[in-house]
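Here is a short report on one protein model. Look over the sequence and the fold, then read on.

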Amino acid sequence: VNNLPSQNKMTDWTVYDGRMVEHSLEYKMEGSIKEDLKTSIRQNIKSNKGTLTDESGRYMNGYIPFESIEDFHHFMMETYYVSDWNRRAKDVTEEFENIAPDIDKLMNRRDRYQKLLSKSDKTDASLEINKELYSINTSIANKQKRAKDIGYTTQNVKINITFVTQPNIFR
């Protein structure tokens, strides 16, 4: 029998005084996990407007919108297979606020290198400049992707479910 609380209020997670916060819930499930339980979890994720992003025999990962997280958590806690769970929050406000200035700096740097490239008449110099431009463009794309990811991950709760077939006898 599971001695964890069957309900936990999570709706107050969304915003802390205007801060951007990424949230995650991690569940550890032990025992003889049957495929029908995994199917039930998949269906619950879908019925709660969530998305399953990754799955293997040992884990399931995805996202659930904040408005559905209590229903999903209640469903998970009702299964007697949940042996442990944890919730985490990470403030990403400063990271998000720094992305736009970082992109601006990278774009200015890219503009300078593009001007150098247009003036370059040596093959070796052009290759080095193109190499640097590739690196700058990759950095810009990564920063833009992270900004988009933060927008998504601060509106949804990341869920991580790990299946352990052998219970830990040393607990």
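## Asn 160 and its partners

Start with Asn 160. Beyond neighbours within four places in sequence, Asn 160 is in contact with Leu 25, Glu 26, Tyr 27, Met 60 and Asn 61. Contact means heavy atoms within 4.5 Å. Asn 160 belongs to strand S5. Helices (H or I, at least four residues) and strands (E, at least two) are DSSP runs, numbered from the N terminus. Asn 160 counts as buried because its relative accessibility is 18%. Buried means under 20% relative accessible area, exposed over 50%, and partly exposed in between (1.4 Å probe, protein chains only).

This is a predicted model, so local features need pLDDT of at least 70, side-chain atom pairs count only at pLDDT 80 or more, and totals for chains, interfaces and linings use all residues. Residues are numbered from 1 along each chain as its sequence is written, and side-chain values use heavy atoms, with hydrogens and water left out.

## The sheet

Five strands make an open sheet with mixed pairing, in the order S2-S3-S5-S1-S4. Two strands pair if DSSP finds at least two bridges between them. S2 and S4 are the edge strands, each pairing on one side only. From one strand to the next, the twist averages 20°. Axes here are lines fitted to C-alpha atoms, for helices over the stretch in contact, and angles run from 0 to 180 degrees between N-to-C directions.

Seven bridges join S3 and S5 in the antiparallel sense. Asn 61 stands opposite Asn 160 in S5.

Leu 52 sits in strand S2 (residues 51-55). Leu 52 counts as partly exposed because its relative accessibility is 30%. Setting aside neighbours within four places in sequence, its contacts are Arg 42, Ile 45, Met 60, Asn 61 and Gly 62.

Lys 49 lies in the loop between helix H1 (35-47) and S2. At 61% relative accessibility, Lys 49 counts as exposed. Its phi is near 60°, a positive value in a residue other than glycine. Most residues other than glycine have a negative phi.

## Nonpolar cores

Which residues touch the most other members of the largest nonpolar core? Of its 22 residues, they are Tyr 27, Met 29, Ile 41, Phe 72, Met 76 and Ile 161. A nonpolar core is a set of buried Ala, Val, Leu, Ile, Met, Phe, Trp, Tyr and Cys residues joined through side-chain atoms within 4.5 Å. Helix H2 gives the most to this core, with six residues.

A second, separate core has eight residues, including Met 20, Val 92, Ile 140 and Ile 150.
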